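Please view the sequence and the structure together while reading.

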Amino acid sequence: MDNEVKLHGFWPSPFVYRVIWALKLKGIEYDYIEEDLANKSELLLRYNPVYKKVPVLVHAGKPISESLVILEYIEEVWPHSPLLPKDPYERSVARFWINFATDKGRSAVRSLFWGGGDGKKEAAEQMFDFLKIIEEQALGDKKFFGGNSINMVDLIFAWFACWIQPMEQLVGIKVLEPSRLPSLHAWVKNFKEEPIIKENLPDPERLLAYYTRLTSNLVSKPT
Amino acid sequence: MGSGENKVVLHGMWASPYVKRVELALKIKGIPFEYVEENLRNKSPQLLKYNPVHKKVPVLVHNGKPVCESLVILEYLDEVWSTGPQLLPKEPYQRANFRFWAAYIQQLLESIFKLFNADKEAHEKPLQEVHEKLRNLEDGVKEFYFPEGSPNHISAENLGILDVMLVSVLGPFRAKEEAFSVKILDPGKNPLLFSWIQALIELPLVKEVVPPHDKMVGVLQFLKQSGFKF
């Protein structure tokens, strides 16, 4: 088996995009396989029997699942153009924020965008509190979470660069207000203008249409 | 402890599975450390300073600098103490495999917490979820961690991140079963996991870390009765 790199993905997925960006930032050639999540390929089910999800990275025939595990793997196998700091303490700080985004971020998103209508105002404030911590303690004065250049933490927080906007439109609540979160707002702009990131962003209209369809399906489904 | 050169302090709480991970990892790697027991209803100013975001344990303070989140701490320990016993293997694909399953064992803990949080009448579904995760874990680690089919290689000398994670979650499994009157780990359904955890909790090093049975039953029942959300 040669050193081929393949990525099984699904175009609206921010988790898949993390891997795409990591590969492209490091100049790693790969084949992309678009999965239809309503009709998953045999290969995907074989490669990720535990979660049956994308992204799955396949390197020289060996599959790796879970975006954070994949990112650490990519970083170790292709250490050039590093996405994590060299210093162990700085790395632990980066991983702390990645963890924070994964745990607290996901639950904040879930309650705001997928939760019922009643707790929306509370959920929006919870989301704002989460973002305020990010702005003040993770980002601070820096241009990117990685400092002057983007790193893995930026790739994880990218959800807030491209995916929060269609959600805000659907729910009718703006969370990432420039007046309330000025640094984060600037980061969103800077992130999307970075070379390579710029050429690899999901189409906002297509995303909005996708999430509109998804939420309308949820409304009609019994809980 | 030594001079300022390599001062390690662990802020913890004796019943926390997250703290147990770090405690066991430190012992496995032979890293001398000072332990500070935190009263979670009256957290020390140090804890609040070191972990302002979560205000939780464990916090590892290395030469005055805090590292938070158990899995982040484990990675940090391996990177700083890079000679001697390692929690993760060297080869990248194996590392990915170990990280995947370490994260999965954390998922198992979350399912166990869901079970603890459920009312007694609503145990069935969360219990099924726990059993499903145990099944996946058993099947998943079988090939690469137990090729002979049994935990023959488990010894104090070669414990790694998966052993650490398993001890933190299933070390006190009997106490959890007694406190909540549920059967979590059935040797018939999960022979490999059962013999793995049995081998682990026999080790003197692990015995130092797993909380005493009765004390654990007591704290779990107390927490449940006080409406604590696990």
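This is a predicted model: local features need pLDDT of at least 70, side-chain atom pairs count only at pLDDT 80 or more; totals for chains, interfaces and linings use all residues.

Residues are numbered from 1 along each chain as its sequence is written, chains are lettered from A and ligands numbered from 1 in the order in which they are written, and side-chain values use heavy atoms, with hydrogens and water left out.

**Chain A as a whole**

- Chain A holds 10 helices and 4 strands, where helices (H or I, at least four residues) and strands (E, at least two) are DSSP runs numbered from the N terminus.
- The order of elements along the sequence of chain A is β-α-β-α-β-β-α-α-α-α-α-α-α-α.
- Taken along the principal axes, the C-alpha atoms of chain A fill a box of roughly 55 × 45 × 30 Å.
- Buried residues amount to 49% of the 223 in chain A; buried means under 20% relative accessible area, exposed over 50%, and partly exposed in between (1.4 Å probe, protein chains only).
- Of the contacts in chain A with a separation of 6 or more, 68% are between residues 24 or more positions apart, a contact being heavy atoms within 4.5 Å.
- Chain A has an accessible surface of about 11100 Å², and 52% of this belongs to carbon and sulfur atoms; the areas come from the Shrake-Rupley method with a 1.4 Å probe, and for residues only the protein chains shown count as cover.
- Chain A carries 28 positive and 30 negative side chains, with the centres of the two sets 2 Å apart.
- In these charge counts Lys and Arg are positive and Asp and Glu negative, while His and the chain ends are not counted; the place of a charge is NZ of Lys, CZ of Arg, CG of Asp or CD of Glu.

**Chain B as a whole**

- Chain B has 10 helices and 4 strands, and from the N terminus on they run β-α-β-α-β-β-α-α-α-α-α-α-α-α.
- The radius of gyration of chain B is 18 Å, close to the 17 Å that the rule gives for 230 residues, so chain B is as compact as a globular protein of that length.
- The C-alpha trace of chain B spans about 50 × 45 × 30 Å along its principal axes.
- In chain B, 53% of the 230 residues are buried.
- For chain B, 69% of the contacts between residues at least 6 apart in sequence join residues at least 24 apart.
- The 28 positive and 28 negative side chains of chain B have centres that lie 5 Å apart.

**Annotated domains**

- UniProt (unreviewed entry) assigns "domain: GST N-terminal" to residues 3-82 of chain A; such annotations may be inferred rather than shown by experiment, feature names are shortened, and positions are given in the numbering used here.
- Residues 3-82 of chain A are 36% helix and 21% strand, and the end C-alpha atoms of the span lie 20 Å apart.
- In chain B, UniProt (unreviewed entry) places "domain: GST C-terminal" at residues 91-228.
- That span of chain B, 91-228, is 69% helix and 0% strand, with its end C-alpha atoms 42 Å apart.

- Ser65(A) is in strand 4 (residues 62-65) of chain A and is buried, at 6% relative accessible area.
- Beyond its neighbours within four places in sequence, Ser65(A) contacts Tyr47(A), Asn48(A), Pro55(A), Val56(A), Ile70(A) and Phe100(B).
- Pro55(A) lies in the loop between helix 2 (42-47) and strand 3 (56-59) of chain A, and the peptide bond from Val54(A) to Pro55(A) is cis, with omega near 5°.
- In chain B, the bond joining Val57(B) and Pro58(B) is cis, with omega about 0°; Pro58(B) is in the loop between helix 2 (45-50) and strand 3 (59-62).

- Most residues other than glycine have a negative phi, and most peptide bonds are trans.
- Lys55(B), in the loop between helix 2 and strand 3 of chain B, has a positive phi of about 55° and is partly exposed at 39% relative accessibility.
- Ser181(B) has a positive phi near 50°, lies in the loop between helix 7 (173-180) and helix 8 (191-202) of chain B, and is exposed at 53% relative accessibility.
- Helix 8 (residues 164-171) of chain A has Ile164(A), Pro166(A), Met167(A) and Glu168(A) buried, and just after this helix Gly172(A) takes a positive phi of about 75°.

Conventions. The radius of gyration is taken over C-alpha atoms; the globule rule is 2.2 Å times the number of residues to the power 0.38.
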